[in-house]
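Here is a guided look at how the chains of a complex meet each other. Please keep the structure open beside the text as you read.

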Amino acid sequence: MEGVIIAALLTLMAGVAVALALQRNLFSVVVLSGAYSFLMATVLVALDAVDVAMTEASVGAGISTVLLLGALYLCGGEEAKPLSRPWTPLAVTLVIVGALVYGTLGLPAFSDPQAPIHVHVVPRYLNEALRETGVPNVVTAVLASYRGYDTLGETAVVFTAGAGVIALLRRRKRDR
Amino acid sequence: MSPVQLAALAVVVPLIAAPAAVLVRGATAAWAIATAACGFAFAAALMLATDVAAHGTLSYALGSWPAPWGIEYRIDALSAFVLVLVSGIATVVAAFARRSAAAELPADQLYLFYAMFCLCAAGLLGMTATGDAFNLFVFMEIASLSSYVLIALGRDRRALVAAYQYLILGTIGATFFVIGVGMLYLATGTLNLADMAGRLAGVPDSRPVLAALAFITVGVSLKLALFPLHLWLPNAYAYAPSAVTAFLAATATKVSIYVLLRFYFSVFGAQVVVEDMPMPQILLVLSLVAIASASLVAIWQTDLKRLFAYSSVAQVGYITLGISLASPDGLTAAIVHLFNHGVTKGALFLLIGGIAMRAGGAATLEAVRGLGRTMPLTSLGIVIAGLSLIGIPGTAGFISKWFLVLAAMQAGHWWLAGFVVLTSLIAVAYVWRFVEAAYLAEPGPAAPRAGEAPAAMLAFAWLLVGGCIWFGLDSSLTVAGARRAALLLLGGAP
Amino acid sequence: MIAIGHYSYWITVLLMATGLYIVIARGNLVKKLIGLAVFQSSVYLLYIAPGKLIGGTAPIVAEGFRVYSNPLPHVLILTAIVVGVATLALGLAITVRIREAYGSIEEDEVLEADAGAPGCDGTP
Amino acid sequence: MRSNPILRVVAKMLIPFMLLFALYVQFHGDFGPGGGFQAGVIAAAAMVFYAIVFGLPAARRLVPDRVVESMAALGVLLYAGVGLAGIALGGNYLDYFVLARDPVDGQHRGIFWVEAGVAVTVSGVMLKVFYLFAGRGHGLDR
């Protein structure tokens, strides 16, 4: 049953993505991308990634949509131009699809408990995190402690983006 | 505090300098913080390099969690070598930037410029030091996002378009890298590079591994501007502020090459890269095309920054050519050239920064007419660095070309040795265009009149010019370091 | 029960392809960035879907649960989401500046505006 | 929207609860989904809501640009500082075990401050980015 729900949600997402690619009205595209993010968050809940789902809902559907609408307001462009030469991009994309499908065919099937990612490294997190860090949410334990250095990098990425947007968008006294 | 802690501090100190620069807000204070942090990283990198040369590979568990559960910093002969290059260039460019950036950027932006510069340096250093595949991605993004901003800060409006195009291609590259890492993770269950290398042998199905190799190669090649994925580079280098061009040209592509070497030889291993996939052949062909085409395009450029940007694409070709030989000599040549070309290009773009300041705009061939008289030291520096680019004996460039020719002959490719020598003649042609304008032409109406660039800029540029000569006369340090790194890469596990 | 097999991978591949196609084929700078976001977000599924165990629960240790889905991909993807929104914010900021400098956010018009300028040959 | 009294009253009532929810997400992150990043986004969203209802200038008076920019920097410094404290107390970088006599207490302390750093930076950056995008068209900056 769980598998069927996940498969259905995934199919729905694929539909929204295709609609997003075909739509030329930029406002509709932004709305569709918000819907895409909410679907992604739902799929993530179904996949037990509750922390990620919460973040995707607030960032993908929330912050990103606000930023996109703000940018559209400032840029004005309502309609994207139609495609001029769609064949080269299509060929490039197909080559990459081929490489991806080739690679994933050799990966373990969905929900295989003997897959390498379930038997190596992770058992220590699941069995010992509570004892070693005192935090029952394993995601928080790994995020803030075991791989805390990644999260420092992540915070630095956010800071980089913030300082970068300030540098780019702050009005200067002699701005043009 | 033990010297081992320097492994973390060399990266973290520049990272901390960025928010500190934003807090103080003053241009001079931010500059001092940035320069001091980069200088500290340089000192730490030198100490790490000596330590690694004496005691072998150094492993540092961040958060005291042992790998593969925690993130590991792993400093070996190769990463120490690249750390020294990146932090050294960062220190010189940061010191140089005080006058250069003040001339090219609005005063109230300067503290943000230094913060971005520190983040970019920290990102590149973190990519080099880390022994964890995902941590590498995180620091790659810190370096990339900050370099998009640094490029967009250029005065010309085309800097914005260049930054946008680099953002798109850079993000595609980084995402390809993450897809590759994801496949490796799904196949092995680990993110630690050394652990991954050990477990790859036991992976029953080779398809994900080969796909991962392809994705990581394409992703990293976008970042290191391997032909034909170099399209973002000329515009980005041409329109970025001078100090940024110098820093990115000398370090950013070099660190990406380091990542490629690391994955090819420390993770996948020669077995997968050379025998299961025709990577050497592909790299060889792309390198040859890159060298020939980019050198030829460079000849027709009228803007000095663009000219040397195309030259960078060609020089990256020489490095990947060395990698494609996959022999101790070939890798030594690649790693030595990575260093020597970094120093040479750093020197060139810093000197061009001086010209741009005096010319009050782009350093075009028109603007440098008669420069031999108006800015004699700058012109002489460009000529010396240009000779190093060509590979004239007595300059750093000669050492790397020499090893490349040796490696080609050892592999039995006499035609390849001839190709290297022949394409160096094309480099003569584009360096000659500068010499012709600077020494043989009368000063034009656009020529800078104010004389030599400020001593505070010229001195640091000449420090790198001195490096071009020094590493050409005494190659013991660079070649020994590169050879150790090459043998380590070919010797199996990192 | 485990009829999904490799279906989740294929949807992931389809999403990647759609995103990448939008980025390469579209000339509108905002639409390109949205395509880039779709491309990046498809990676979330590549990492997280294989970490799911049917019958498992979210990796929050509690009495009465024995099977947990893999928490490590969740941690990695949290970072990836942040990287994605950081890239989007910067990209949009650059787009706004391009619009102010050129009066357009269509790539061909922007490139055309500079085609005649000295020192730029238009084709890289 | 600024003249709609119902909206203003509802906003005044809702915003404290949004901030409270942000705090809940922040501190409950150890036991359920959530953590510094999500809390930072929610706190920033509360301020964005305030700015939409009461106008950007009002929001900027309440939380000035200078404060927001400093928050972005301070969060990173706090996080990186916890790491340095690990070295100062004799451990490795980001070693939380040495932060208290009992290693698990040390982990708790480390995770608490690190998550606080994330929340401060994230809320600061998100709000600042919103200010910049929203203020661009109206000449309201500065």
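Where chain C meets chain A, the contact takes 72 residues from chain C and 80 residues from chain A; two residues count as in contact if their C-beta atoms, placed from the backbone, lie within 7 Å. On the side of chain C that touches chain A, α1 (7-25), α2 (29-48) and α3 (71-102) of chain C each supply at least two residues. Of these, α3(C) gives the most, with 22 residues. Helices here are DSSP runs of H or I with at least four residues, strands are runs of E with at least two, and both are numbered from the N terminus. Sorted by class, this side of chain C has 51 nonpolar, 15 polar and six charged residues. In that sorting, Ala, Val, Leu, Ile, Met, Phe, Trp, Tyr, Cys and Pro count as nonpolar, Asp, Glu, Lys and Arg as charged, and the others, Gly among them, as polar.

A word on what you are viewing: this is a predicted model, in which local features need pLDDT of at least 70, side-chain atom pairs count only at pLDDT 80 or more, and totals for chains, interfaces and linings use all residues. Residues are numbered from 1 along each chain as its sequence is written, while chains are lettered from A and ligands numbered from 1 in the order in which they are written. The predictor gives the complex an ipTM of 0.95 and a pTM of 0.95.

Chain D also touches chain A, and this contact takes 46 residues from chain D and 38 residues from chain A. Helices α2 (36-54), α4 (65-88) and α5 (103-136) of chain D each supply at least two residues of the chain D side. The largest share, 21 residues, comes from α5(D). That side of chain D divides into 25 nonpolar, 14 polar and seven charged residues.

How confident is the predictor in chain D? The mean pLDDT (the predictor's confidence in each residue, from 0 to 100) of chain D is 90, and 94% of its residues reach 70 or more. In chain D, confidence is lowest in helix α1 (residues 5-28), at a mean of 91, and highest in α4(D), at 95.

Now for two helix pairs. Their axes are lines fitted to C-alpha atoms, for helices over the stretch in contact, and angles run from 0 to 180 degrees between N-to-C directions.

| Helix pair | Axes come within | Crossing angle |
|---|---|---|
| α3 (residues 77-104) of chain B and α18 (residues 455-473) of chain B | 8 Å | roughly 155° |

The crossing of α3(B) and α18(B) is left-handed.

Methods: A crossing is left-handed if the near helix is turned anticlockwise from the far one by less than a right angle, and right-handed if clockwise.
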